[in-house]
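Biologist: Could you walk me through how to read a few features of this model? I would like the general idea each time, and then the case at hand.

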Amino acid sequence: SVTTRDLKKITLDVNSNSVAQKIYVEVNNTVPCVRLLNATHQIGCQSSISGDTGVIHVLESEADLEWPLTKGPNPPYMILLESHLFTRSIMMKIKKESSRIAGVTVVVPNTSPSEFSPHTTCPNENTGVYSDTYGPHLAHCNTTVWNPLGNGLSYEEFDFPVFSLKEDKQCYYDHNRVVNGSAPQYPLCAMQLFSHMFAVTDTATCMRRNDVINFSINPEMVCDPLGDFNVWGSIRPYNRSQLGHRDNESVVMAAARLDSRAFFWDVSTGAEGSISGFVTLLAAAHALRDVTQVAPPTHNILFAFFQGEAFDYIGSSRMVYDMQNGKFVIDLDNVHSLLEIGQVGLRNGSDLFLHSDPVSRMNDTVNDQVREHERYRCSLIHRHHRLVDNFQSSPLPPSSLQRFLRAQNIPGIVLADHRAAFNNKYYESYYDNADNLNLRYPPNMTAEEQLEFLTDTAMALTEVATVVARALYKQAGGDGTQVDNIKADSKTVTQMLFGFLVQANNSWFQALIPPELKDMLSDPPDFYVGVASSSPAKAKPLTRLVQFLLANLTGTATNLTQDQCQKPDDLPDESVQMYSYLWVQGTVPHNGTEKGPFCVRASVRLSQALSPAFDLGEYASRNYSTWTESRWKFIKARIFLVASRDLEMLTLGVGVAVLFSSLLVTYFISTKADVLFSSAREPASAAY
Amino acid sequence: MNLERLPNNEKLSLCRKYYLGGFAFLPFLWLVNVVWFFKEAFLKPAYTEQLQIKTYVKRSGLGLLLWVAVLTTWITIFQHFRAEWGVVADYLSFTIPLGIP
């Protein structure tokens with residue numbers, strides 16, 4: 001933290017090599033809120049191009065807002081909020097009087113508040129399946145509000161910067177305290193925030209300005225579409241050069257989402273929101289590996305992990321679009337049914353809820369749908385669980401299944417731990433972390449011990465994974481006698497939870513990825529979808545990690561060498577069209593049991609998750625996600641002392657006065673030069 | 001170039017060149033004409049060519065005023081309405097400001 005002593009020391013330290021270093025103290029580890037745009041709106045925060053400076057004011061309560069907004073004599077103010085004060089009412093009040101506010105900083109807390117969700121109350125309400133033409137009484141959360149704690153802050157537009165910083169109030173206490181209602185004296189502690197965003201208005205405008213770079217003398221990209229890659233894999237491989245409809249092929253699909261978001265850029269975790277779902281699906285896929293080789297089911301099973309679902313279903317809408325246009329290995333007619341794993345980490349007791357779409361059950365051949373539904377019910381009955389059917393009139397929660405239903409009437413079920421509103425009190429927020437899932441480890445354990453420890457959360461998710469694996473196997477027409485042998489591995493689940501929520505750089509994750517990609521694990525995995533990239537090699541670390549996980553959990557280890565692994569087509573039995581071959585690290589040499597790197601063969605692929613709106617050029621589309629993220633030059637924050645305006649004007653005035661007086665004196669001297677300088681002159685002696 | 005040293009007929013031809021050049025959408029030539037030859041046309045004692053020079057300077061002045069009026073009007077309108085015009089304004093612009101509509 002910055003103390004007055006530090007600032008004085010910096011100003012007096014004559015060995016500092018730059019004036020700027022004597023004045024400004026850079027703030028490290030800043031997390032900004034950035035601008036996102038879609039077809040109709042811009043959301044997020046914007047600063048002016050040369051930063052916004054404001055006198056720091058630590059807000060003590062909501063009533064204290066009066067000081068910076070109306071009473072304080074030194075506007076503009078930079079408001080520092082504790083996390084419990086970061087609420088909708090305070091932010092809206094600040095937004096209304098934003099002429100006196102330079103920006104807002106939120107202190108990163110150590111513990112979570114009791115509840116906080118900056119997302120909307122009805123997530124993805126305009127791009128789901130319910131609309132004015134399909135189940136209008138269910139649209140816009142008329143019957144069930146899924147996220148009642150949502151305050152919608154993530155979707156508001158602020159014209160001042162909002163940053164998230166570590167606690168740093170010493171400078172404020174030294175200089176800016178309000179004593180007995182009287183204003184503090186200059187010099188005051190001020191903070192300057194830079195987060196100037198390039199894009200404005202909406203996606204159509206910013207994409208147009210991207211394209212105009214040919215004619216402008218100042219070419220500059222202003223925004224990028226959000227997107228990444230979906231991960232998908234199947235029990236039996238598909239030839240990837242054969243796209244479109246496959247005759248006599250009926251695939252049971254299982255889906256989960258990978259991403260989440262928060263109010264601030266790039267800090268989301270989504271423990272309950274997405275990790276609980278995809279870890280369960282990965283464990284179920286792992287559980288099915290052995291039984292599907294011994295007793296293969298009639299139908300194939302396809303596991304899909306969608307990216308970008310927080311932003312109007314980027315990944316699932318793209319896969320549905322590809323299926324509709326024959327650009328995927330199967331098409332919608334080949335999909336037998338879809339089981340989606342929603343939020344399953346916070347179950348009350350052992351309740352698990354099945355959500356299905358009531359409208360599709362009404363419209364289609366009732367017998368067909370009811371039969372599928374009952375088949376699922378029977379599949380999912382498990383000794384310890386109470387499986388509850390949702391009421392006939394309850395809509396689907398926000399889920400990828402909604403995008404599939406928009407295109408075609410597919411029997412589908414979403415598995416969740418909530419009957420109506422989410423159990424998740426921190427949906428799409430920074431606080432949806434390990435604590436939210438009650439992930440607890442005994443004290444005094446090393447990282448390796450924690451990796452292997454079976455937490456309660458892991459046991460609970462393992463049970464769900466077992467249920468899911470058995471349901472998928474039975475749904476795919478597998479042998480009934482084998483079902484009881486299907487059990488998810490709790491060690492795998494707890495290792496995955498540790499890796500995604502506590503520390504990614506652990507020995508198990510390191511064994512699963514290629515040796516050259518070790519840097520992928522250095523930072524905590526980032527669950528925000530981010531901007532789209534063109535090649536799968538540049539996919540997000542999280543996506544690639546899930547790809548390698550799925551490959552290792554469902555694929556087989558082979559004896560291929562590294563060169564053979566990169567060019568398997570030279571071998572007669574291997575085919576790059578059917579499988580993907582990944583060279584992974586293997587267990588690090590430990591206790592002499594050295595496994596070493598090996599080649600994994602798996603039918604796991606990445607498919608692009610970029611909204612179809614960008615391929616079609618429909619940047620104002622209402623059907624597809626149109627989310628883009630603005631570009632910016634730099635984002636930083638710095639603290640310094642400011643002097644009063646009077647002092648500044650006085651200094652300027654004195655400087656101008658000195659300038660004019662020096663001009664006057666020079667003029668005077670030059671006109672009277674002969675008088676002033678002639679008395680001492682001797683006659684010049686012409687001595688050459 | 002110091003006009004003092006030129007003979008009068010050369011002054012006239014110079015003034016005429018600038019006057020004619022300004023018609024090629026070059027109003028700054030007219031501005032130069034007005035400023036440079038103002039003293040010659042109006043403040044010097046009369047000589048033969050001065051009448052012609054005076055005409056040229058007056059006409060250059062008129063043309064200059066017209067250009068200033070047109071450009072000021074267009075620039076004011078464009079700066080004011082650029083944000084509202086959307087697509088058209090973006091295609092007309094050389095430099096689009098970042099971060100503001």
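Biologist: Let me begin with one cysteine: is B:Cys15 buried or exposed?

Modeller: Burial is read from relative accessible area: under 20% is buried, over 50% is exposed, and partly exposed is in between, using a 1.4 Å probe and protein chains only. B:Cys15 has a relative accessible area of 0%, so B:Cys15 is buried. Keep in mind that this is a predicted model, where local features need pLDDT of at least 70, side-chain atom pairs count only at pLDDT 80 or more, and totals for chains, interfaces and linings use all residues. Residues are numbered from 1 along each chain as its sequence is written, chains are lettered from A and ligands numbered from 1 in the order in which they are written, and side-chain values use heavy atoms, with hydrogens and water left out.

Biologist: Where do A:Cys33 and A:Cys45 lie?

Modeller: Helices (H or I, at least four residues) and strands (E, at least two) are DSSP runs, numbered from the N terminus. The sulfur atoms of A:Cys33 and A:Cys45 are 1.9 Å apart in their disulfide. This pair links distant parts of the chain: A:Cys33 is in the loop between strand 2 (31-32) and strand 3 (36-37) of chain A, and A:Cys45 is in strand 4 (residues 42-45) of chain A, 12 residues apart. Both A:Cys33 and A:Cys45 are buried, and their link is right-handed, with 95° about the S-S bond.

Biologist: Why is the disulfide of A:Cys171 and A:Cys189 called right-handed?

Modeller: Because the torsion about the S-S bond of A:Cys171 and A:Cys189 is about 110°. A:Cys171 lies in helix 5 (residues 170-175) of chain A and A:Cys189 in strand 10 (residues 188-194) of chain A, so the pair ties together parts that are 18 residues apart in sequence. Their sulfur atoms are 1.7 Å apart. A:Cys171 is buried at 2% relative accessible area, and A:Cys189 is buried at 0%.

Biologist: Which residue does a disulfide join to A:Cys565?

Modeller: That partner is A:Cys599, with an S to S distance of 1.9 Å. A:Cys565 lies in helix 17 (residues 562-566) of chain A and A:Cys599 in strand 21 of chain A, so the pair ties together parts that are 34 residues apart in sequence. A:Cys565 and A:Cys599 are buried.

Biologist: What is the order of the strands in the open sheet?

Modeller: Two strands pair if DSSP finds at least two bridges between them. Here 3 strands of chain A form an open sheet in the order 19-21-20, with antiparallel pairing. Strand 19 (556-558) and strand 20 (580-584) of chain A are the edge strands, each pairing on one side only. Strand 20 and strand 21 (residues 598-602) of chain A are joined by 5 bridges, and A:Trp583 stands opposite A:Cys599 in strand 21 of chain A.

Biologist: Which helix packs on the sheet?

Modeller: Contact means heavy atoms within 4.5 Å. Axes are lines fitted to C-alpha atoms, for helices over the stretch in contact, and angles run from 0 to 180 degrees between N-to-C directions. Helix 16 of chain A packs on the sheet, touching strand 19, strand 20 and strand 21 of chain A, and its direction makes about 100° with that of strand 20 of chain A.

Note on methods. Disulfide = S-S within 2.5 Å.
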